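Keep the viewer open while you read.

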Amino acid sequence: MSGVLLWVVCPKGNAAAASLLGLGGGKLGRQQRPGRVRVAAMSSAVANPVARTSEERVYEVVLKQAALVREQRKEREKAAGTDGLSNWDLLNEAYDRCGEVCAEYAKTFYLGTLLMTPERRRAVWAIYVWCRRTDELVDGPNASHITPKALDRWEQRLNDLFEGRPYDMYDAALAHTVSKYPVDIQPFKDMIEGMRLDLKKSRYKNFDELYLYCYYVAGTVGLMSVPVMGIAPESKASTESVYNAALALGIANQLTNILRDVGEDARRGRIYLPQDELVQAGLSDEDIFRGQVTDKWRSFMKDQIKRARMFFDEAEKGVVELNAASRWPVWASLLLYKQILDAIEANDYNNFTRRAYVGKTKKLVSLPIAYGRALVGPTSTKVAELTRI
Amino acid sequence: MFCSGRILAVSYPTKPLSCTCRSPHSFSGAGFRHGRPKPPPAYFSAKWRLMASEPDSSSSSFAASVDSDSPDINNASSSAAAAAAGFCIIEGPETVQDFVEMELQEIQDNIRSRRNKIFLHMEEVRRLRIQQRIKSAEMGILKEEQENELPNFPSFIPFLPPLSSANLRIYYATCFSLIAGIIIFGGLLAPTLELKLGLGGTSYEDFIRSMHLPMQLSQVDPIVASFSGGAVGVISSLMVVEINNVKQQEHKRCKYCLGTGYLACARCANTGTLVLIEPVSTLNGGDKPLSPPKTERCANCSGSGKVMCPTCLCTGMAMASEHDPRIDPFD
């Protein structure tokens, strides 16, 4: 369905974009899913503004992010560094705690952050902790107490911390991060919106809906982390394309998660696969709940994996444009996550009972490979012009 | 049960009995499982569909009705029900103000009556759980908890298989035979065979000499030597046990607040007070010393310096269920 990818030139100053920015949707649902850098693959022509696909709407968010980065850069030069936090001890302690939480809940991700510069590492931890706390509101031990009011209050806290008035110490770490890096509030708001939606939904009619969900839980994290990772100064690629690549990486990661955890999710009564594609492949919810690997299932999974790989390929185009210091960890995470798809294939597409697992040795071997690929810098002008939007 | 039912009927006159019966459940919610979102309990889902379908104004009016109810001290019970229904896991600076209009004596009375109710509720939960267990056993429903009749818990000593009552026998047997074997070896075998366990089959004295250690070491009294060796062994194994115990307890505590249940308030940086900065003109009165800055109570945390940890809801435990032994009488 998303086989056709068309790069389109979106009209600037699209007033409708602003109204569509309050898009809902996704959820960091699965517990140990940290954020990653991602990019959206664009499709569909602009000629039909009424029936917007999720991809278009998400793309507009991406455009706005890129535009904001440019604005913020100017503002930042004017405004002096005023972060309401003058208590450095508390701040350092907060950051350390963020690191501990990250190490506790997402070990591989934590190891990946150790490949970054210390400043970026702390910033990524702060973002991770906020995302994880948001996720735990709907998916943690107190999920039974969650109400829309709680999410509203949580969003209010987010607004406050972006204005430099954090509520507790973890908010303080994030507030400091957003004052140092040009991170925008919109992806955070989208993630909360995603939590709201995810509480209602357990089935996805088509890939469009699933894409929106993936944007909400994972794409937003990519948009959050691009300003932290930083774009290489010598990069000729447009900001939008890098954000797009980040979005694609997030979508790819989330799709990989989904494909790996089909059995686990089914046991909880949730199916994160597009219903229409299931029907097309001759499968039903019952087949998934039954958990038997048939030839139909194999061919269905093959297509799904192919699509996930396409998103990874999209993402790879953007990783080269990142700051030199950030390329290694991002490549490492990309390669590691891509290997999960290989593991699913190696399990004979049995994601019902067997968990696709990348062994430690394979993980370790990926590190030097990632390092090698990270040495490749931004593309030259000619190539950039060819691939630019 | 009948008694408590009557108490409920008396204390919640304004709400229908069926509604109030459900409200405690929304809190004890059977089993706080750390996992995927499960459908919220019936009470909440009904409420929530109501909220979701109506526009924002209704949800805010609901919130308003909660706030207006709570200072209604005459009908403390209805406010309790309303406050329970309006409970929001994310607190804001205004939540502590819910009871601001009460007098001190009233506050104390309220606290006492609520603690009483908590005690009665927990007692009911205990009895209900007993009934639940009995009934499901009668109906032959195999619950996962029944497998925990003989719980399997990890051994304190690293690398050893998990313990259970059946296993324990094997542990005892292994332990005793090891001790017996070592005693026999040390007491009988070694002297009989005149084992020289030093490097290259040397005796103790030769070993000391070859290591160039002071010769008085070779004259150590055997009793002293064995006592020291034994004591060192015991002390280090006790340490290992303690460390494992600490690790286990750490597992259970909330990682965000490290078991304290609270996080440092960011507005006042954990002090509880905000310093009011007033610009002081130094044009006139330049020889007067600056007065110390005025402080005011931090509104965020109401002066306590810490705020509720939203992950564990101030319980400090990773799973924020009530850790009261009455919750599971079969444990």
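Predicted model: local features only at pLDDT ≥ 70, side-chain atom pairs only at ≥ 80, totals over all residues.

## A helix crossing in chain A

Helix α3(A) passes α5(A) in a left-handed crossing. The axes of α3 (residues 88-105) and α5 (residues 118-139) of chain A come within 8 Å and cross at roughly 65 degrees. On the α3(A) side, the contact is made by A:Asn92, A:Tyr95, A:Cys98, A:Gly99, A:Val101, A:Cys102 and A:Tyr105. Facing them from α5(A) are A:Arg122, A:Ala123, A:Trp125, A:Ala126, A:Tyr128, A:Val129, A:Arg132 and A:Glu136. Sorted by class, that contact has 10 nonpolar, 2 polar and 3 charged residues.

What about α3(A) itself? Its 18 residues reach 26 Å from first C-alpha to last, close to the 26 Å expected at 1.5 Å a residue. Its buried residues are A:Leu90, A:Leu91, A:Ala94, A:Tyr95, A:Arg97, A:Cys98, A:Gly99, A:Val101, A:Cys102 and A:Tyr105.

## Chain A overall

Zooming out, chain A has 17 helices and 0 strands. Buried residues make up 59% of its 389 residues. Look at contacts in chain A between residues at least 6 apart in sequence, and 81% of them join residues at least 24 apart.

One loop residue gives a local example. A:Ala356 lies in the loop between α15 (324-346) and α16 (360-374) of chain A. Is A:Ala356 buried or exposed? Its relative accessibility is 3%, and the cut-off for buried is under 20%, so A:Ala356 counts as buried. Beyond its neighbours within four places in sequence, A:Ala356 is in contact with A:Arg260, A:Ile340, A:Ala343, A:Ile344 and A:Asn347. With A:Arg260, the sequence separation is 96 residues, while the C-alpha to C-alpha distance is 6.1 Å.

## Spans annotated in UniProt

UniProt, in an unreviewed entry, lists residues 210-232 of chain A as "transmembrane region". In the model that span is 87% helix and 0% strand, with its end C-alpha atoms 32 Å apart.

For chain B, the unreviewed UniProt entry gives the "transmembrane region" label to residues 170-190 and 223-243. Residues 170-190 of chain B come out as 100% helix and 0% strand, and their end C-alpha atoms are 28 Å apart. Residues 223-243 of chain B are also 100% helix and 0% strand, and here the end C-alpha atoms lie 30 Å apart.

## Helix α6 of chain B

How far apart are the end C-alpha atoms of α6(B)? This helix covers residues 104-138 of chain B, and its 35 residues should span 51 Å at 1.5 Å a residue. The end C-alpha atoms are 51 Å apart, which agrees.

The buried residues of α6(B) are B:Asn110, B:Met122, B:Glu123, B:Glu124, B:Arg133 and B:Ser136. Just after α6(B), B:Gly140 takes a positive phi of about 70 degrees.

## Loops in chain B

Now for some backbone angles worth a click. B:His212 has a positive phi of about 60 degrees although it is not a glycine. You'll find B:His212 in the loop between α8 (204-210) and α9 (222-252) of chain B. With a relative accessible area of 72%, B:His212 is exposed. B:Leu258, also not a glycine, has a positive phi of about 55 degrees. B:Leu258 sits in the loop between α9 and β1 (262-264) of chain B, and its relative accessible area of 29% makes it partly exposed.

Finally, there's B:Gly303, placed in the loop between β3 (295-297) and β4 (306-308) of chain B. B:Gly303 is partly exposed, at a relative accessible area of 29%. Which residues does B:Gly303 touch, not counting those up to four places away in sequence? They are B:Gly272, B:Arg297 and B:Cys298. B:Gly303 and B:Cys265 are 38 residues apart in sequence, with 9.5 Å between their C-alpha atoms.

How values were computed:
Residues numbered from 1 in each chain as written. Chains lettered and ligands numbered in written order. Heavy atoms only, no water. UniProt positions renumbered as here; feature names shortened; annotations may be inferred. Helix = DSSP H or I, 4+ residues; strand = E, 2+ residues; numbered from the N terminus. Expected span 1.5 Å × (residues − 1). Buried < 20%, exposed > 50% of the residue type's maximum accessible area, 1.4 Å probe, protein only. Axes fitted to C-alpha atoms, helices over the stretch in contact; angles between N-to-C directions. Left-handed = near helix turned anticlockwise from the far one by under 90°. Contact = heavy atoms within 4.5 Å. Nonpolar A, V, L, I, M, F, W, Y, C, P; charged D, E, K, R; others polar.
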